[in-house]
Amino acid sequence: MSARERFGVTPTARDQLTGLGLCCAYIAVLLRTAPAIGLARDEGIYVDAAQRYAAWLSALWKSPSAALTQQQTDAAFAFNHEHPPLMKLLFGLGHLVERELNWFGSDSLGFRFGGMLSAGLLLWLIYLFGTRLYGRAAGLFAALVYALLPRPFYHAHLDAFDVPITCASTAVIYAYYRSLTQRRAAVATGVLFGLALLTKHNSWLLPITLGIHFALCAGLELYARRKGQPARLGLLPWGLVALAVGPLIFYAGWPWLWHDTWARLRAYAAFHLHHAYYNMEYFGVNYFWPPFPSSYAWVMTLFTVPFSSLVLGVAGCVRACWVCWDSIRQLMAARAQAYLETRHDPTLPSVLLFGAMFAPLVLISMPSTPIFGGTKHWFPAYPVLALFAGRAFAEACELLPVLTRAPRLARTLSIGLGAWLLAPAAVETAHSHPFALSHYTVLAGGVPGAAEKGMNRQFWGFTTRSLVPYLKEVLPNGGNLYLCDTIYWSFEMLIRDGHLPATFRPTADIARADYALVHHEKHFAEVDHQIWTTYGQVQPAHVLLYDGVPIISVYKNPRR
């Protein structure tokens with residue numbers, strides 16, 4: 001097999017249907033598995049915001065002029081204004097659909113559907129991107145690799161921004177890549193960048209990654225022309241120019257910015273530039289303040305991405321970068337014929353993917369960057385890792401006809417090889433549900449090994465949902481609960497969805513609780529001690545376990 005940087009095909013209508021099938025199948029799985037996952041802390045906040053946005057959308061439908069006044073827009077958008085509105089508008093729209101048409105069957109699914117839709121669209125996009133770069137087998141394999149990552153699978157259920165911004169960022173990168181050879185794709189690049197800005201703040205860094213990539217492409221193109229090579233790449237970065245449309249869309253799509261614009265922009269930027277610090281346990285140390293460990297993102301990737309997927313992704317990355325470098329080296333050595341034989345792609349897709357994958361990892365590795373979100377802050381790296389895994393798989397499949405000298409047998413073996421490589425990740429993802437934030441892979445020693453190493457066991461308090469059968473058994477008539485890390489908005493959704501009756505009431509007073517919960521995170525050790533002191537005993541009435549590791553301890557109040 002000759003060295004090639006790009007050996008894909010142009011997606012056809014059939015490929016679009018394949019991508020649509022992946023999208024719909026993934027959303028169906030998410031809808032089926034979502035009821036087992038309780039609302040996380042951030043979700044509860046976004047539910048409240050989405051309800052305000054839903055009321056504003058209803059008012060906009062009935063009386064646009066009244067809804068667009070500052071009084072009405074501020075009433076809806078001032079709450080949780082530290083995050084842009086696009087996804088909360090979609091969450092609110094899902095809530096309206098559920099309220100009026102009962103399409104989803106529960107309130108939480110209505111709020112969460114926007115996030116699930118983003119996850120499905122992301123699979124569609126990965127398939128198309130992989131097909132264009134490396135062929136259909138690579139595109140399909142890459143989409144399945146991403147779908148079978150345990151932590152992104154968990155986050156794909158949520159009404160949160162991390163999977164949507166991963167989808168939006170990947171879409172911008174794909175459109176920009178297309179714009180290098182197809183000028184009309186530049187328009188899509190600008191529009192998608194605006195939508196990414198309306199999704200989450202980390203999209204503001206995309207122009208840096210894309211700008212560096214184009215500078216390398218343009219520099220290499222100029223050098224090739226000086227060496228007598230024909231022009232193969234335009235030197236006007238239409239995709240980058242189109243990014244200027246993004247901030248305009250950002251402003252137009254966020255009514256909160258329409259009044260006192262500069263003051264509110266400064267407040268928005270200040271919130272993220274001086275973000276509050278929260279805790280995260282890492283190798284037994286609870287980090288509240290910087291400097292944070294620079295190894296965190298890399299070790300957590302090793303410990304949470306299925307081993308087979310990680311090995312393939314790294315192998316594909318190394319192979320792609322080596323082929324790209326080899327073609328550039330041929331050019332630098334003025335070996336024109338060797339350069340042409342490599343079928344070098346002047347758009348340097350490997351360099352683009354390499355930068356897109358490592359930019360979020362490097363950013364989170366800076367000692368001043370908060371690490372409170374587990375793995376979610378570098379999710380935009382994972383679709384690229386999946387694409388590199390798809391490349392490695394495609395190149396392995398290309399060797400099979402040579403080895404077997406039987407094309408039909410090679411195709412059958414390719415299917416078997418793909419299933420064999422994906423099976424471990426499928427088993428891990430299924431096993432991680434609904435405790436994916438507690439799940440660790442074999443490199444960490446599994447869940448028990450990670451607990452022994454002092455890795456963070458969970459966050460956001462969503463695991464209270466898994467206690468519902470026990471709580472209904474011990475409190476058939478309801479009662480008072482101390483919820484520890486579960487916020488009231490999230491607990492209320494358990495009642496709205498019908499998992500618990502309204503006779504269950506949250507309380508912040510341990511002494512008034514019939515049962516007190518402790519979510520096992522290192523900084524909640526003090527809550528254990530408070531309960532022991534208040535209740536006069538240390539023995540929990542029940543412990544929720546995952547692979548033998550305590551997730552929640554439940555204490556019964558002997559005085560109630």
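Helices α6 (107-134) and α23 (488-496) each contribute at least two residues to the lining of the largest cavity, helices (H or I, at least four residues) and strands (E, at least two) being DSSP runs numbered from the N terminus. The model is predicted, so that local features need pLDDT of at least 70 and side-chain atom pairs count only at pLDDT 80 or more, while totals for chains, interfaces and linings use all residues. Residues are numbered from 1 along each chain as its sequence is written, and side-chain values use heavy atoms, with hydrogens and water left out.

The lining of this cavity consists of A34, P35, I37, G38, L39, S108, R112, R465, M493, L494, D497 and H499, where a cavity is a set of points, on a 1 Å grid over the protein atoms alone, at which a 1.4 Å probe fits but cannot get out, and lining residues have an atom within 4 Å of a point. Six of these residues are nonpolar, three polar and three charged, with Ala, Leu, Ile, Met and Pro among those counted as nonpolar, Asp and Arg among the charged, and Gly among the polar. The largest cavity holds about 70 Å³ of space, and the structure has four cavities of 30 Å³ or more, a volume being the space filled by probe spheres set on grid points joined across faces, edges and corners.

Five strands form an open sheet of mixed pairing in the order β4-β3-β5-β7-β6, two strands being paired if DSSP finds at least two bridges between them. Because β4 (504-506) and β6 (542-546) are at the edges with a single partner strand each, one side of each lacks a neighbour in the sheet. Strands β3 (residues 479-482) and β4 run parallel and are joined by three bridges, and N480 has R505 in β4 as its bridge partner.

Technical notes: 1 Å grid on protein atoms, 1.4 Å probe; cavity = no way out; pocket = protein on both sides within 12 Å on 5 of 7 lines; lining within 4 Å.
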